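Please keep the sequence and the coordinates in view while reading.

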Amino acid sequence: MMRIVLLGAPGSGKGTQAQRLQAKFGVPQISSGDLLRDAVKRQTELGMKAKAAMEAGQLVSDEIVLGLIRERLSQPDAANGFILDGFPRNSEQATALSSLLNDVGQPLEAVLLLDVKPAAVIARLASRRVCKSCSKVFSVSALPASGNCDNCGGELYQRSDDKEDVIAKRLEVYQSQTKPLIDHYKQLGLLRVVKGEGALDQITARMEAALAPPKPKAEPKPKAAPKAEKKPAVVAVETAPAKQPVKKAAKKKAAKTKAAVKTVAAKSAKKPAAKKSVKKVKKSAKKLKKQVKKSTKKVEKKATKQAKKAKKKK
Ligand code: ADP
């Protein structure tokens, strides 16, 4: 199980490292930038809306990004964890993400910050080339001999927002909107800083070390072990006290439902009479799903409202 966020400036290597961690740990990289670029490429309604902001180096609206992320997180391959890359990118998105994950009892486990000097970041962005089909990242100084992607053979291109003037805007947006998340996650005890300069393998190794279980001193005493393993502190800090019982109850209910489904399914394999109970459990599972959906919608609504408010202020 691995539920992590990669934080860092554009060009800090989040995408490259996420791809490596994904292969190593078997959990998907979920890149908001890739999801958006895909929507633009497919010319979906959402993609059309996002295009202008992306080309200008601005953030796409929280509403659009949250919709994409929520849908992606609900795919089966994300059930065992995920590596979020490029999301969240402002405090509204961070809040929405934490609500979304806490509602399903799957809070974040760590936030890795890839720390890279601004000068290095600019150089990397300007020399970046990306595979059109699999999104693998290359540098012009180390392109495959074939000129094509060495992973899938796809065509390499320079992203339109990797042009100099747009790069500056993106860095500005990072400074003002995304950088504050470093403190946010530090306060929650989730932040781990990784030096993002040096050889790729070296950086990956640093990231793996940062993801290793906490040092002994942070480990709970034997007696308190079952409670402490759940890392409740993180959830507690980020969750409004009033909401806590509801979330806890939903979580408990989810576990109960899951267990009940299992038991009943096992029984029904032998006894056709258990059909009724299966129906009942299925119904309650459906209800639970609805609840999760409802609270997710609520979060989204709130995020949209906040975004609108922020826009008006500007
Ligand atoms: P980078 O991290 O190198 O800037 P990304 O591929 O993550 O590149 O993002 C490219 C662009 O997509 C951003 O400049 C922005 O316009 C948009 N974008 C990506 N993620 C988000 C997000 N979480 N919120 C808003 N806009 C986003």
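Which residue in S6 is the bridge partner of valine 130? The model, which is predicted, gives valine 137 as that partner. The pair belongs to the contact between strand S5, residues 128–131, and S6, where 3 bridges join two strands that run antiparallel. These two strands are part of an open sheet of 3 strands, ordered S6-S5-S7, with antiparallel pairing. Strand S6 (137–139) and strand S7 (156–157) stand at its edges; each has a single partner strand, so one side of each is left without a neighbour in the sheet. The loop between S5 and S6 contains serine 135, whose phi is near 70°, a positive value in a residue other than glycine.

The cysteines come next. The structure holds 0 disulfides. Cysteine 131 is in none, and the nearest cysteine sulfur, that of cysteine 152, lies 3.5 Å away.

Strand S4, residues 110–115, is mostly covered, with 5 of its 6 residues buried. Strand S1 (residues 2–7) is joined to S4 by 4 bridges, and the two run parallel; within this pairing, valine 5 has valine 111 of S4 as its bridge partner. S4 is also joined to strand S8 (residues 191–195), here by 5 bridges and again in parallel. In S8, valine 193 stands opposite leucine 113.

Attention now turns to the ligand. It is surrounded by 20 residues, of which Ser32, Arg37, Gln58, Gln93 and Arg170 are the closest. By class, this shell divides into 7 nonpolar, 6 polar and 7 charged residues. Helix H2 (residues 32–41) gives the most to the shell, contributing 4 residues. Serine 32 places a polar side-chain atom 2.7 Å from a nitrogen atom of the ligand. Arginine 89 has a polar side-chain atom 3.1 Å from a ligand oxygen atom, while an N or O atom in the side chain of lysine 14 is 3.4 Å from an oxygen atom of the ligand. Taken alone, the ligand exposes 540 Å², and the protein buries 97% of that area.

Two loops complete the tour, each with a backbone feature to inspect. Most residues other than glycine have a negative phi, and most peptide bonds are trans. The loop between H2 and helix H3 (45–55) holds glutamine 43, where phi is near 55°, a positive value in a residue other than glycine. Glutamine 43 counts as exposed, because its relative accessibility is 58%. In the loop between strand S3 (81–85) and helix H5 (91–103) lies proline 88. The peptide bond that joins phenylalanine 87 and proline 88 is cis, with omega about 0°.

Technical notes:
Residues numbered from 1 in each chain as written. Predicted model: local features only at pLDDT ≥ 70, side-chain atom pairs only at ≥ 80, totals over all residues. Heavy atoms only, no water. Pairing = 2+ DSSP bridges. Disulfide = S-S within 2.5 Å. Near = heavy atom within 4 Å. Polar contact = N/O pair within 3.5 Å; in protein donor to acceptor, adjacent residues only side chain to side chain. Areas by Shrake-Rupley, 256 points an atom, 1.4 Å probe, with all protein chains shown as cover. Nonpolar A, V, L, I, M, F, W, Y, C, P; charged D, E, K, R; others polar. Buried < 20%, exposed > 50% of the residue type's maximum accessible area, 1.4 Å probe, protein only.
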